[in-house]
Amino acid sequence: MADEKDPRWADADSVRRGGEERIGASSAAKADAFLDEQIILTKEQAALARLQAEDLRREDRLRHRSLRLHHLSDMLKLGFELALAAIFTAVLLSSRARCGRRRMRTGW
């Protein structure tokens, strides 16, 4: 078995470690920059989510008012139709009553 501390490989190990340190420093800087971008992106997404939630609440209130107004409109329309029906019924009954009195007078 070869000894792990073989002096022949000492230079290769130091070269490898030096390269890893340079790569590690470069990668760490890139990773920090990437994480900084991700932090900014996360903050922007959170702000967007807050704006969207606020917009949904506003839209919900508007829809609720619209539904109430629609219901009120339906009730007013129903009242108007019932009033018209009552008026036409009263006119119809009074005209029949007049016709009935005429028939009684004339004998028809």
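Reply: The discussion below takes the fold, the surface and the charged pairs in turn. Please note at the outset that this is a predicted model.

Me: How many helices and strands does the protein chain have?

Reply: The protein chain has one helix and zero strands. Helix 1 covers residues 10-106.

Me: What share of the residues in the protein chain is buried?

Reply: A residue is called buried when its relative accessible area is under 20%. Of the 108 residues in the protein chain, 2% are buried.

Me: What is the accessible surface of the protein chain, and what part of it belongs to carbon and sulfur atoms?

Reply: The accessible surface comes to about 10,500 Å², and carbon and sulfur atoms account for 62% of that area.

Me: Which residues form a nonpolar patch on the surface?

Reply: The nonpolar patch is made of F80, L84, I87, F88 and V91, which together have about 510 Å² of accessible area. Take V91 as the example: V91 lies in helix 1.

Me: Why does V91 count as partly exposed?

Reply: Partly exposed residues fall between the buried limit of under 20% and the exposed limit of over 50%. V91 counts as partly exposed because its relative accessibility is 48%.

Me: Which residues gather in a patch of positive charge?

Reply: R57, R61, R65 and R68 gather in that patch on the surface. R61, one of these residues, is found in helix 1. With a relative accessible area of 46%, R61 is partly exposed.

Me: With which residue does R63 form a salt bridge?

Reply: The partner of R63 is D60, and the closest N and O atoms are 2.7 Å apart. The side chains of R63 and D60 also make a polar contact, at 2.7 Å.

Me: Where do R63 and D60 lie along helix 1?

Reply: R63 and D60 are three residues apart in helix 1, so about one helical turn separates them. As for accessibility, R63 is partly exposed at 49% relative accessible area, and D60 is also partly exposed, at 41%.

Me: Which residues do salt bridges that share partners join into one network?

Reply: The network consists of E54, D55 and R58. Consider its two bridges separately. The side chains of E54 and R58 meet in a salt bridge with an N to O distance of 3.8 Å. R58 also forms a salt bridge with D55, where the closest N and O atoms are 3.6 Å apart.

Key:
Residues numbered from 1 in each chain as written. Predicted model: local features only at pLDDT ≥ 70, side-chain atom pairs only at ≥ 80, totals over all residues. Heavy atoms only, no water. Patch = residues over 30% accessible without salt bridge, like charges linked within 9 Å, V, L, I, M, F, W, Y side chains within 5 Å. Areas by Shrake-Rupley, 256 points an atom, 1.4 Å probe, with all protein chains shown as cover. Salt bridge = Lys/Arg side-chain N within 4 Å of Asp/Glu carboxyl O. Lys, Arg positive; Asp, Glu negative; His and termini not counted. Charge placed at Lys NZ, Arg CZ, Asp CG, Glu CD. Helix = DSSP H or I, 4+ residues; strand = E, 2+ residues; numbered from the N terminus. Buried < 20%, exposed > 50% of the residue type's maximum accessible area, 1.4 Å probe, protein only. Polar contact = N/O pair within 3.5 Å; in protein donor to acceptor, adjacent residues only side chain to side chain.
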